[in-house]
Amino acid sequence: IIEIFSPEINTYFEELLYVSRTKDTALQSKAKQKLLLLGLSSGQIEQIEQALEILDLLLLTYLMKVMNK
């Protein structure tokens with residue numbers, strides 16, 4: 001849905017997704033700043049980050065189950 005209304009937001013969301021898996025806080029801050037400049041609130045960005053953490057945990061859980069079979 002985001003991509004339909006704003007390709008730029010989608011691009012920077014994907015960037016945040018990528019850099020959130022690194023420990024580079026400078027890159028993470030820059031990705032968040034880009035989303036803020038496009039009109040997302042800090043709360044919305046925080047929700048995105050929480051969702052990414054949940055997705056990572058789900059993926060890790062799934063992979064552990066698959067590897068243990």
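1. Gln28 is buried, because its relative accessible area is 18%, and buried means under 20%. This is a reading of a predicted model, in which Gln28 belongs to helix H3, covering residues 25-37. Once neighbours within four places in sequence are set aside, the contacts of Gln28 are Leu16, Val19, Ser20, Thr22 and Lys23.

2. Helix H4 runs over residues 42-67, and its 26 residues, at 1.5 Å a residue, should span 38 Å; the end C-alpha atoms are 37 Å apart, which agrees. The buried residues of H4 are Ile45, Ile48 and Leu52, and what covers them includes helix H2 (7-20) and H3.

3. The largest nonpolar core has 9 residues, namely Ile9, Leu16, Val19, Ala31, Leu35, Leu40, Ile45, Ile48 and Leu52. To this core H2, H3 and H4 each supply at least two residues. In soluble globular proteins, nonpolar side chains tend to be buried together.

4. The largest pocket, with a volume of about 190 Å³, is lined by Leu16, Ser20, Arg21, Thr22, Lys23, Gln28, Lys32, Glu49, Leu52, Glu53 and Asp56.

5. As for where the lining of the largest pocket comes from, H2, H3 and H4 each supply at least two residues, while H4 gives the most, with 4 residues. Sorted by class, this lining has 2 nonpolar, 3 polar and 6 charged residues.

Methods:
Residues are numbered from 1 along each chain as its sequence is written. This is a predicted model: local features need pLDDT of at least 70, side-chain atom pairs count only at pLDDT 80 or more; totals for chains, interfaces and linings use all residues. Side-chain values use heavy atoms; hydrogens and water are left out. Buried means under 20% relative accessible area, exposed over 50%, partly exposed in between (1.4 Å probe, protein chains only). Contact means heavy atoms within 4.5 Å. The expected span of a helix is 1.5 Å times one less than its number of residues. A nonpolar core is a set of buried Ala, Val, Leu, Ile, Met, Phe, Trp, Tyr and Cys residues joined through side-chain atoms within 4.5 Å. On a 1 Å grid over the protein atoms alone, a cavity is a set of points where a 1.4 Å probe fits but cannot get out, and a pocket is an open set with protein on both sides within 12 Å along at least five of seven lines; lining residues have an atom within 4 Å of a point. Grid points are joined across faces, edges and corners, and a volume is the space filled by probe spheres set on the points. Ala, Val, Leu, Ile, Met, Phe, Trp, Tyr, Cys and Pro count as nonpolar, Asp, Glu, Lys and Arg as charged, and the others, Gly among them, as polar.
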